[in-house]
Amino acid sequence: MDDLNRFCESIPKIELHAHLNGCIRSSTFRQLLSSPTDQMRLDTLDKEFPMGDTHSRMANVFEKFSLLRSCVTNLDDIRRITHETLEDFISDNVIYAELRTRPRSFQNGAIAASSYVETILETMQEYEDKICSRLVLSIDRTQTLEQAMETLKLAEKYRTQIVGLDLSGDPNVKSFERLRPVFDLAKQINLSTTIHIGELPDEECLNENNLIIDYKPTRLGHFNFRTVDQEQRVLKEQIPLELCPTSNLLTMNLSDLSTHHFDLFYKNKHPLTICTDDSGLMDCRLSSEIFQIVQTFRLTKKELYEFMFQTSNLIFDKNMIELCQTKLKNFSEQSNL
Ligand code: 6MZ
């Protein structure tokens, strides 16, 4: 077991679904929360979390996100979060990471959203020799079409380092239909897209799944809840899935991964990637997410290597595929796989 765990730690890894602010270290989160009332609120949320059902746990996580948003108030904060996130991924042998974030302005617009994006890009650049990181811009489900359009414009402006557009945020808000024009434009300019789909178990969520599958984004996030027909369509159309074990256990209200949909899609040789989602808030690492999957579904080391190799084909920055594959091949030779 220890040997397999070590193998999961040492294999070069690819992270394709990580929300930048969700990666914040818990110690940093507490430091940034300046008021005692906010700190007490965080304590209460931490205490209440294990007791809730799926919907109340999700509400709990989203209240933490808004608390987090209120305490990240300037460019130094976001520089620090980016820096620590990259350090944490490097220490876990992540070689390529796509971080996603919703651009925001500070101080009532005095610091523009473009400065927020530039600060993250500059920090990523500083680490380029240790980890290849790329940015995906997130549109939040609550945003207006105009705000979403601004995000698309930012993505166009920094096209070399920004490799895609994401739709995320509270899954109770169904807004893909309203925001679809922005995603259509993204397709027109060949910008890759990834959309959160089927995170919660309700009828509205299932209805929205159809619209998202019709659009056919480059990748889909989660896909926890789906009809048989939706499952068949995603399989047939080979739309890659980003699976996040710890986060999925939370939204699916499961105590272990034995019934997780990884099994079904893996057996069908579907394009898949395993990711962390919010490594800080959910207290997880990519290597342990992978280890849980490998252990539950009894993958061999060789199978894990092959799995990671197919994941490299799913990265948005196609120029980096070869580099990732070379690093994986070198690892395989050294490990005598
Ligand atoms: C949907 C999520 C999420 O953008 O401020 N986010 N959206 N489902 C999830 N599953 C648990 N986890 C995180 O990162 C934090 C934001 O990412 C989205 C939420 O909108 C959250 O506020 P950024 O860097």
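In this predicted model, Leu75, Ile78, Arg79, Thr82 and His83 of α5 meet Ser115, Tyr116, Thr119, Ile120, Thr123 and Met124 of α6. Contact here means that the C-beta atoms of two residues, placed from the backbone, lie within 7 Å. By class, this contact has 5 nonpolar, 5 polar and 1 charged residues. Ala, Val, Leu, Ile, Met, Phe, Trp, Tyr, Cys and Pro count as nonpolar, Asp, Glu, Lys and Arg as charged, and the others, Gly among them, as polar. Helix α5 spans residues 75-91 and helix α6 residues 113-126; they pack at about 35°, with axes 9 Å apart. Axes are lines fitted to C-alpha atoms, for helices over the stretch in contact, and angles run from 0 to 180 degrees between N-to-C directions. Helices (H or I, at least four residues) and strands (E, at least two) are DSSP runs, numbered from the N terminus. The crossing of α5 and α6 is right-handed. A crossing is right-handed if the near helix is turned clockwise from the far one by less than a right angle, and left-handed if anticlockwise.

Residues are numbered from 1 along each chain as its sequence is written. The model being predicted, local features need pLDDT of at least 70 and side-chain atom pairs count only at pLDDT 80 or more, while totals for chains, interfaces and linings use all residues.

Helices α14 (residues 301-312) and α15 (residues 321-334) pack at about 170°, their axes 9 Å apart. They are therefore roughly antiparallel. Angles over 145 degrees count as roughly antiparallel, under 35 as roughly parallel, 65 to 115 as roughly perpendicular and the rest as oblique. The crossing of α14 and α15 is left-handed. Tyr305, Met308, Phe309 and Ser312 of α14 make the contact with Ile321, Cys324, Gln325, Leu328 and Ser332 of α15. This contact comprises 6 nonpolar, 3 polar and no charged residues.

Helix α1 (residues 2-10) crosses helix α13 (residues 286-296) at roughly 135°, and their axes come within 9 Å. The pair is therefore oblique. Its crossing is right-handed. Leu4, Asn5, Cys8 and Glu9 of α1 meet Ser287, Ile290, Phe291, Val294 and Gln295 of α13. The contact holds 5 nonpolar, 3 polar and 1 charged residues.

The ligand is surrounded by 18 residues, of which the closest are His19, Asn21, Phe65, Thr101 and Ser168. A residue is near a molecule or strand if its C-beta atom, placed from the backbone, lies within 6 Å of it. At least two shell residues come from each of α4 (54-71) and β3 (132-140). The shell divides into 4 nonpolar, 9 polar and 5 charged residues.

An unreviewed UniProt entry annotates residues 12-309 as "domain: Adenosine deaminase". Over residues 12-309 the chain is 51% helix and 16% strand. The end C-alpha atoms of that stretch are 10 Å apart.

Methods
UniProt positions are given in the numbering used here, feature names are shortened, and annotations may be inferred rather than shown by experiment.
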